[in-house]
Amino acid sequence: MAAPRTIAVAGAGVAGLTAALALAATGFRVIVLEKADRLEEVGAGLQLSPNATRILIDLGLRAALAARAVAPDAISVRAADHGGEIVRIPLGRAAERDGAPYWVIHRADLQMALHEAAERAPSIELRLGTPCTDFAADNGGVRVTAGGETIAAAALIGADGVRSAVRGRLFPDVRPQDTGSIAWRGTALIERIDGAVVPRETRLWLGGGLHMVAYPISAGRAVNIVAFTPGTWRDDGWSAPGEATELTGILDTHGWGRDPRRFVAAADGWTRWALATIDSRRIAARGPVALIGDAAHAMLPFTAQGAGMAIEDAMVLARCLAETPDDAAGACARYTAARAARVARVQRTAERNGRIYHLKGPAALARNLVMRGLGGTRLLNRQDWIYRWRVGD
Ligand SMILES: Cc1cc2nc3c(=O)[nH]c(=O)nc-3n(C[C@H](O)[C@H](O)[C@H](O)COP(=O)(O)OP(=O)(O)OC[C@H]3O[C@@H](n4cnc5c(N)ncnc54)[C@H](O)[C@@H]3O)c2cc1C
């Protein structure tokens, strides 16, 4: 019997680890190259809709994730000034699609569940502290340089995030684009929030040029809070400290009221990161090398689909490689073609959501009326094209 083919994956984030599990499940040997010395438990919460949870469940992660995730009952969309509810979008059973749940989870919990599953898989080798620095096509495959070694692989998957080195080699002109948006992230223990909090509810406050979301994480013991503000501050990292007084100053200027501010006041500290995007339309197929996740299409988080698209990518690429294991270049080309339209549509939807969330004055009042008129169930069902997606669509 021929030895299993080796696929090299650069990056052990959500995209890279999901790809490793999906590839191992179809019989490949996988070497995951991760530049960090350890997989740090950082980041904020992630919303995982049924298109993503279905894949994670198929990979055997239901029990590990269900123990850490929360399935919120609803999203309460609120006006940031007076705190009144504009519309209530049902989640829970209403958001399930074919048995796949809508979960919110700490990014570190998802990362840990993926990491533990990868460690249990004998055909996955995770090399920490091993950045992928170069690669070259070789004899139908690819020779990957990482940590001073050269690895011969049938294909290389660039899952190395928004500042991807693999993308930099393939498409030097495709660089992260500044969005003029800053995400502020804090967590708060439920009991520290002043006044009543519905433990299984996501809140989304809209307030004239800004918005903020809060949802339960850590099996409901804490709330993840992310505020999106305009700003020119820039930094490449995910965990730069943010000053609470700067954030509250911005909320003051925009007239934000007590309801969102009691969440902000309870946060245990703030980190912030500058949101950057990658124009997915400029990514094409290039031999036996493919990009997945943020490396291929970092997007504004305003449809909460960054991780979801990374998870979908991972599964589609693994299926393509399994279909034609002797033709990795053909598989990468089919993968790229299969993902282009969907990913571009999700990116456009995220941009449009940002414009809608940040309306001001009379336009914001009109938006609120339209949302109320449509009602929560119709607003939820508008996401069906995202949630009902399946591999092969
Ligand atoms: C530390 C961190 C915190 C985050 N926090 C949030 C958050 O709070 N909220 C949110 O919505 N999204 C967050 N994200 C982004 C979110 O996780 C992604 O949109 C989504 O999960 C897609 O992930 P990805 O695997 O494509 O990229 P990433 O999650 O960025 O993972 C890329 C991985 O590649 C590694 N890497 C980079 N360069 C190389 C190289 N040359 N060789 C080998 N490995 C390399 C990185 O160390 C990282 O582990 C965070 C990402 C990171 C890395």
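Strands here are DSSP runs of E with at least two residues, helices are runs of H or I with at least four residues, and both are numbered from the N terminus. Keep in mind that this is a predicted model, where local features need pLDDT of at least 70, side-chain atom pairs count only at pLDDT 80 or more, and totals for chains, interfaces and linings use all residues. Numbering runs from 1 along each chain as its sequence is written, and side-chain values use heavy atoms, with hydrogens and water left out.

Strand β4 (residues 74-79) runs antiparallel to β5, and 5 bridges join them. Ile 75 has Ile 89 as its bridge partner in β5. Two strands count as paired if DSSP finds at least two bridges between them.

Both strands belong to an open sheet of 8 strands with mixed pairing, in the order β5-β4-β13-β14-β15-β12-β17-β16. The edges are β5 (85-90) and β16 (240-242), each with a single partner strand, so one side of each has no neighbour in the sheet. On average, neighbouring strands of this sheet are turned by 25° against each other, direction ignored; the axes are lines fitted to C-alpha atoms (for helices, over the stretch in contact), with angles from 0 to 180 degrees between N-to-C directions. Further along the order, Ile 217 stands opposite Ala 222 in β15.

There is also an open sheet of 5 strands with parallel pairing, ordered β7-β2-β1-β11-β18. Here β7 (124-127) and β18 (289-291) take the edges, and each has a single partner strand, so one side of each is left without a neighbour in the sheet. From one strand to the next the twist averages 20°. Val 32 faces Leu 126 in β7.

| Strand pair | Bridges | Direction |
|---|---|---|
| β4 (residues 74-79) and β5 | 5 bridges | antiparallel |
| β14 (residues 211-217) and β15 (residues 222-230) | 7 bridges | antiparallel |
| β2 (residues 29-33) and β7 | 4 bridges | parallel |

Now for the ligand. It is surrounded by 26 residues, and the closest are Glu 34, Ala 44, Arg 107, Cys 132 and Asp 294; a residue counts as near if one of its heavy atoms lies within 4 Å. Glu 34 puts a polar side-chain atom 2.6 Å from a ligand oxygen atom, and Arg 107 has one at 2.7 Å from an oxygen atom of the ligand. A polar backbone atom of Val 14 lies 3.2 Å from a ligand oxygen. A polar contact is a pair of N or O atoms within 3.5 Å; within protein, one must be able to donate a hydrogen and the other to accept it, and residues adjacent in sequence count only if both atoms are side-chain atoms.

Taken alone, the ligand exposes 920 Å², and the protein buries 87% of that (Shrake-Rupley areas with a 1.4 Å probe; for residues, only the protein chains shown count as cover). The elements giving two or more residues to the shell are α1 (14-25), β3 (45-48) and α9 (306-323), and α9 gives the most, with 3 residues.

Zooming out, the protein has 13 helices and 18 strands. Its C-alpha trace spans about 65 × 40 × 35 Å along the principal axes.
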